[in-house]
Amino acid sequence: MVLSGVLLRLGSVRYIGRGARTRQEKAHRLIMGGPYGWTRNPIYLATLLMAAGFGVLSELMWYAPILVTALAIHYSIVIRCEEGLLVEVYGDPYKEYMKSVPRWIPWPPSAPSENAIHPWREVWRREWRIPSATSWTSPS
């Protein structure tokens with residue numbers, strides 16, 4: 001589960017590029033390709049997979065469902081806020097995307113998307129650098 005989550009996260013960040021791991025709004029284009037064609041929130045799904053895997057590895061079987069449930073509740077709130085912003089930014093195209101791609105449970109896309117992917121070097125740089133809280137800017 002941990003490895004699946006890591007691979008899904010890295011693959012998802014490859015489609016986001018510079019917008020990953022930031023608290024600034026950087027929604028320059030609507031991303032619907034790759035893992036985003038299967039689920040609207042592959043990075044959050046990846047985090048849930050990793051958390052479940054770490055919960056199981058801890059050998060505290062009661063811990064995994066509590067951890068995953070707490071994260072799912074947290075991410076559900078975050079997702080609703082992000083979706084509101086994306087509807088404001090993209091309007092009808094994003095509403096159509098919401099109708100055709102599930103929020104959580106992955107489902108094969110009906111049509112391929114033409115979003116470009118970013119180089120692995122950029123993915124590694126973004127994912128392995130842990131930003132300090134002071135380096136983030138609050139959303140306007």
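The secondary structure of the chain consists of five helices and zero strands. Read along the sequence, the elements follow the pattern α-α-α-α-α. Of the 140 residues of the chain, 36% count as buried. The chain exposes about 9100 Å², and carbon and sulfur atoms supply 64% of this area. Among the contacts in the chain with a separation of 6 or more, 79% are accounted for by residues 24 or more positions apart.

The mean pLDDT of the chain is 81, and 75% of the residues reach 70 or more. Helix H2 has the highest confidence, at a mean of 94, whereas H5 has the lowest, at a mean of 69. Over residues 131-140 the pLDDT is below 50, and this stretch has seven contacts in the model beyond near neighbours in sequence. Where pLDDT is low, the predicted coordinates should not be read in detail.

Charged side chains were examined next. Side chains of opposite charge can pair when their charged atoms come close. The count of salt bridges in the model comes to three. In one of them, Arg 40 is paired with Glu 83, and the closest N and O atoms are 2.7 Å apart. Arg 40 lies in the loop between helix H1 (2-16) and H2, while Glu 83 lies in helix H3, so the pair ties together parts that are 43 residues apart in sequence. Both Arg 40 and Glu 83 are buried.

Glu 83 also meets the side chain of Arg 103 in a salt bridge, with an N to O distance of 2.6 Å. Because Glu 83 belongs to helix H3 and Arg 103 to the loop between helix H4 (92-100) and helix H5 (120-128), this pair ties together parts that are 20 residues apart in sequence. Arg 103, with a relative accessible area of 21%, is partly exposed.

A further salt bridge joins the side chains of Lys 99 and Glu 96, at 3.6 Å from N to O. Lys 99 and Glu 96 both lie in helix H4, three residues apart, or about one turn of the helix. Lys 99 is exposed, with a relative accessible area of 66%, whereas Glu 96 is partly exposed at 48%.

Aromatic side chains form a second group of pairs. A pair of aromatic rings is described by the distance of the centres and the angle of the planes. A search of the whole structure finds three aromatic pairs. Trp 62 and Tyr 63 form one of these pairs, with 5.9 Å from centre to centre and 80 degrees between the planes, an edge-to-face arrangement. The rings of Tyr 94 and Tyr 97 have centres 5.6 Å apart and planes at 50 degrees, so this pair is tilted. Tyr 94 and Tyr 97 are three residues apart in helix H4 and are therefore separated by about one helical turn. Both Tyr 94 and Tyr 97 are buried.

Trp 62 is found in the loop between helix H2 (42-57) and helix H3 (63-90). Trp 62 counts as exposed because its relative accessibility is 54%, which lies over the limit of 50%. Tyr 63, in turn, is partly exposed, with a relative accessible area of 32%.

A residue of helix H2 was also considered. Thr 47 is found in this helix and counts as buried, at 15% relative accessibility. Leaving aside its neighbours within four places in sequence, Thr 47 is in contact with Arg 9, Leu 71 and Tyr 75.

Methods: Residues are numbered from 1 along each chain as its sequence is written. Side-chain values use heavy atoms; hydrogens and water are left out. Helices (H or I, at least four residues) and strands (E, at least two) are DSSP runs, numbered from the N terminus. Buried means under 20% relative accessible area, exposed over 50%, partly exposed in between (1.4 Å probe, protein chains only). Contact means heavy atoms within 4.5 Å. Accessible areas come from the Shrake-Rupley method with a 1.4 Å probe; for residues, only the protein chains shown count as cover. A salt bridge is a side-chain nitrogen of Lys or Arg within 4 Å of a carboxyl oxygen of Asp or Glu. Rings of Phe, Tyr and Trp (its six-membered ring) pair if their centres lie within 6.5 Å; planes under 30 degrees apart count as stacked, over 60 as edge-to-face and the rest as tilted. pLDDT is the predictor's confidence in each residue, from 0 to 100.
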